[in-house]
Amino acid sequence: MLAPPRSGCYAAALAAVAFSRPRPRCSSLFQHRSLAFSSRASLCFNLSSGMEHFSTKGSTDKNKGLVEQLKQYGMIKSAKVAEVMQTVDRGLFVPEGSPAYVDSPMPIGYNATISAPHMHATCLELLEEHLQPGMRALDVGSGTGYLTACFAIMVGLQGRAVGVEHIPELVASSINSIKRSAASSILNEGSLSVHAADGRKGWPELAPYDAIHVGAASPDIPRALLEQLKPGGRMVIPVGNFFQDLKVVDKNDDGSVRVHSEASVRFVPLTSRAAQLQDY
Ligand code: SAH
């Protein structure tokens with residue numbers, strides 16, 4: 001396990017050193033190579049010193065406070081996204097002892113991170129129209145399972161939410177977290193599943209998907225994922241190596257695609273398990 005960040009603002013700190021475009025200022029030094037934040041990061045608040053790991057009234061209130069802060073800072077505009085982020089307690093998905101209600105990515109082991117809350121919000125907002133009840137969602141690099149749980153609640157029991165993560169230990173812990181979360185009944189009913197596999201190949205068994213989210217940065221847009229995107233569907237994927245853009249890929253009804261960049265971001269690489277774990 002890598003050392004936890006020293007402040008709730010470390011993503012913004014990296015943003016300040018890693019990119020030439022103007023960034024929010026923050027004082028702490030960044031020490032971890034894996035993260036997930038956007039250039040829109042402007043929050044340096046910390047609602048809790050952490051340690052909460054079960055959904056108690058206190059943790060629910062802190063999670064609600066986090067969502068309120070994200071709304072106030074303009075990072076959440078959609079009522080539906082606010083609602084799902086309030087419903088899924090982030091505290092259940094971060095490792096014990098990590099500050100859960102801070103707008104920062106957190107190490108989750110295996111050279112991976114849980115994305116910052118504002119990044120989860122951004123991806124949920126970008127995909128919202130493609131996460132209607134009954135729709136199908138694929139979460140590649142599902143990590144903690146936080147977003148997979150949000151997707152499952154949005155698409156509901158008639159829909160399907162699928163997480164694909166290549167570290168089996170993370171798959172197991174994400175399923176445990178989901179079981180303690182508001183998405184547990186959807187997991188039990190079989191409309192949510194998480195699989196240990198190479199997400200670059202997608203999950204063809206349940207394709208095509210209305211929404212595909214990729215939680216790790218790919219050098220390009222994997223063909224298998226494009227093929228598994230439904231016409232009319234949308235994929236959100238960080239593309240690049242050191243410099244990355246969060247790309248939004250819309251597939252037209254005739255199968256052609258439109259791609260635009262939403263933000264400069266920094267995610268862990270979408271890679272092989274061996275490459276990810278080589279210095280772990
Ligand atoms: N959205 C997740 C992000 C986790 S970090 C969250 O907030 O929890 C990105 C994840 O992608 C890591 O867990 C990493 O193990 C996984 N990953 C990287 N390459 C992968 C691949 N080829 N197939 C599946 N998962 C991959």
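## Ligand site

Of the 24 residues around the ligand, the nearest are His120, Thr144, Glu165, Gly199 and Thr271 (a residue counts as near if one of its heavy atoms lies within 4 Å). The model is predicted: local features need pLDDT of at least 70, side-chain atom pairs count only at pLDDT 80 or more, and totals for chains, interfaces and linings use all residues. Residues are numbered from 1 along each chain as its sequence is written, and side-chain values use heavy atoms, with hydrogens and water left out.

A polar side-chain atom of Thr144 sits 2.7 Å from a ligand oxygen atom. A polar backbone atom of Ser115 is 3.0 Å from an oxygen atom of the ligand. At Gly199, a backbone N or O atom lies 2.7 Å from a ligand nitrogen atom. Taken alone, the ligand exposes 570 Å² (Shrake-Rupley method, 1.4 Å probe). The protein buries 100% of that.

## Nonpolar cores

The largest nonpolar core has 54 residues. Such a core is a set of buried Ala, Val, Leu, Ile, Met, Phe, Trp, Tyr and Cys residues joined through side-chain atoms within 4.5 Å; buried means under 20% relative accessible area, with a 1.4 Å probe and protein chains only. Met85, Leu124, Leu131 and Leu192 touch the most other members. Helix α5 (residues 146-155) gives the largest share, eight residues (helices are DSSP runs of H or I, at least four residues, numbered from the N terminus).

Apart from this core lies another, of 19 residues, including Leu138 and Leu229.

## Cysteines

Cys123 counts as buried because its relative accessibility is 1%. Cys150 counts as buried at 0%. The structure holds zero disulfides (pairs of cysteine sulfur atoms within 2.5 Å).

Definitions and conventions. Buried means under 20% relative accessible area, exposed over 50%, partly exposed in between (1.4 Å probe, protein chains only). Helices (H or I, at least four residues) and strands (E, at least two) are DSSP runs, numbered from the N terminus. A polar contact is a pair of N or O atoms within 3.5 Å; within protein, one must be able to donate a hydrogen and the other to accept it, and residues adjacent in sequence count only if both atoms are side-chain atoms.
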